[in-house]
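Please look at the sequence and the structure shown below, and keep both at hand while reading this report.

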Number of protein chains: 2
Amino acid sequence: MTCVEMTPAERGQLAMVLEVCAYPKPGNVDRCHDYASTTLEHFLSSAIFVRPVFERAQAGDGALGALIKDAVRATSCHEGGNTHFGAFILLIPLISGGDIPGALRAIGRTTVDDAVAFYEAFGLTKVRMLERDELDVNRPGAAQALRERGMTLRDVMRHSSGNDMVAAEWVNGFALTRKGADLLFRCGSGRQAIVDAFLALLASEKDTFIAKEHGPEVAREVMLHAREVQEGTRTIEALDAEFIRRGINPGSLADIIIAALYVALGEGWQWE
Amino acid sequence: MTCVEMTPAERGQLAMVLEVCAYPKPGNVDRCHDYASTTLEHFLSSAIFVRPVFERAQAGDGALGALIKDAVRATSCHEGGNTHFGAFILLIPLISGGDIPGALRAIGRTTVDDAVAFYEAFGLTKVRMLERDELDVNRPGAAQALRERGMTLRDVMRHSSGNDMVAAEWVNGFALTRKGADLLFRCGSGRQAIVDAFLALLASEKDTFIAKEHGPEVAREVMLHAREVQEGTRTIEALDAEFIRRGINPGSLADIIIAALYVALGEGWQWE
């Protein structure tokens, strides 16, 4: 049958669906594992509810900061809390620009208004930045500080890039997103390739969400355990069970994998 | 947070997602069980890809037959085969009309052109009607026979209603859809209520898809087994395993549950 090609908005939605379904993914919500308050259905409903915002991004209707804020708002209509904030930080520029070079051009055009809207998006989530300076988003007057310094959203991401691998993508040319997409192609197709690519990133990159939540030692330990799975001295199921027990959730690498899936799908990667 | 209310199109998509995720559902694809050639991801991607057609239905842009055909086409862009044909037969009028009374008004307006488009939709799927008369959709000249008899799509559904519970909904006022929605409210909220409502339908209604595939005896046997689960003399997991082993798939009741979820969501049923 002749098939209509997926739009960038649909690629973004499918990337969100494929990531959360892939199983087993150590520590994250997947097909066979919910968090206590956030379920598979919450993640999937976010993939549905975000569609109008992705379509605006695709049409060039809206600035990146406002679109990220609208994506957070559109997906907050359930009780599962924040499901995809980090993913939206990557997907919104990618959908706006179509691909990585286009995303970087869109990022280069961000303004102080984008930065302020982004801070407002943060306020809608329960995500904490844990920064101690006056740009801490949880600090009253932070938006004023942005305006006084004339910081664009790209500047904000550079400011956070040292301890946040998602923010770093904005200033390093989506390096890990690119690496993840290449891993997907190298790992084959479908669900197993997603798991293998995720594991390869987990073994080679320190998840900054884990570092913030549990400290850098635990983040390093996670990498070593992922390598044990790759080497066959530990099963992925055992690692999943341990991460769940200890509340270890490689959330930033999940965001990176979603962006990688978006890019790979656009380059013809086979998800089936 | 102030929340935008779900649109009818989004309710239809969410109904598709919630149905396929609910677990355990004896014999059907669910969170923890794929078919050999159709996976959870195929069902979920159909829920994403159908969106433009649901939006047209919601806007009153298009006749029911053409919209059903377009929904089949939009969701055929994967290798998982037909995932939701029966569900679209119910959801397209429901989304077009908003609710059951509106759906019945839309159905009353169908024409011969709708019937012909519907036959073309059938041609896009591998679904067989197994009827032996000259209106058999698999028979060359069937569309011509429709025109000669002046049959509208509603007439076609009446013609099939005796051996197809999905078609019957068009002419009985969505009786099982209504019953399913009421069951959802009675069973509580969230995933478990979907499983319980599905089981209650399985115990009280003969699935016509099973009857066509395996004969009326097996369809009756399925009802008895579902009652055993309700009475506690058989576990739902054991029934699921037996259905999978025997290739028994209550596909028509799954379609009814999707329509029931759509209606219940519109009446404030809590999916979380």
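Predicted model: local features only at pLDDT ≥ 70, side-chain atom pairs only at ≥ 80, totals over all residues.

## A helix and what follows it

In chain A, helix α16 is followed by G268(A), a residue whose phi is positive, near 95°. Helices here are DSSP runs of H or I with at least four residues, and strands are runs of E with at least two, both numbered from the N terminus. Helix α16(A) covers residues 251-266, which makes 16 residues, and it reaches 23 Å from its first C-alpha to its last, close to the 22 Å expected at 1.5 Å a residue, where the expected span is 1.5 Å times one less than the number of residues. Because 15 of its 16 residues are buried, α16(A) is largely enclosed by the rest of the structure; buried means under 20% relative accessible area, exposed over 50%, and partly exposed in between, with a 1.4 Å probe and protein chains only.

Residues are numbered from 1 along each chain as its sequence is written, chains are lettered from A and ligands numbered from 1 in the order in which they are written, and side-chain values use heavy atoms, with hydrogens and water left out.

## Where chain B meets chain A

In the interface, 36 residues of chain B are in contact with 36 residues of chain A, contact meaning heavy atoms within 4.5 Å. The two chains bury about 3100 Å² between them, 65% of it on carbon and sulfur atoms; this is the accessible area (1.4 Å probe) that two parts lose on being put together, summed over both.

There are four salt bridges between the chains, a salt bridge being a side-chain nitrogen of Lys or Arg within 4 Å of a carboxyl oxygen of Asp or Glu. One of these pairs joins R191(B) to E41(A), with the closest N and O atoms 2.6 Å apart.

## The surroundings of E272(B)

E272(B) is placed in the segment after α16 (251-266) of chain B, and it counts as partly exposed because its relative accessibility is 27%. Leaving aside residues up to four places away in sequence, E272(B) touches residues of both chains, including H42(A), E79(A) and S189(B). The C-alpha atoms of E272(B) and D114(B), 158 residues apart along the chain, are separated by 37 Å.
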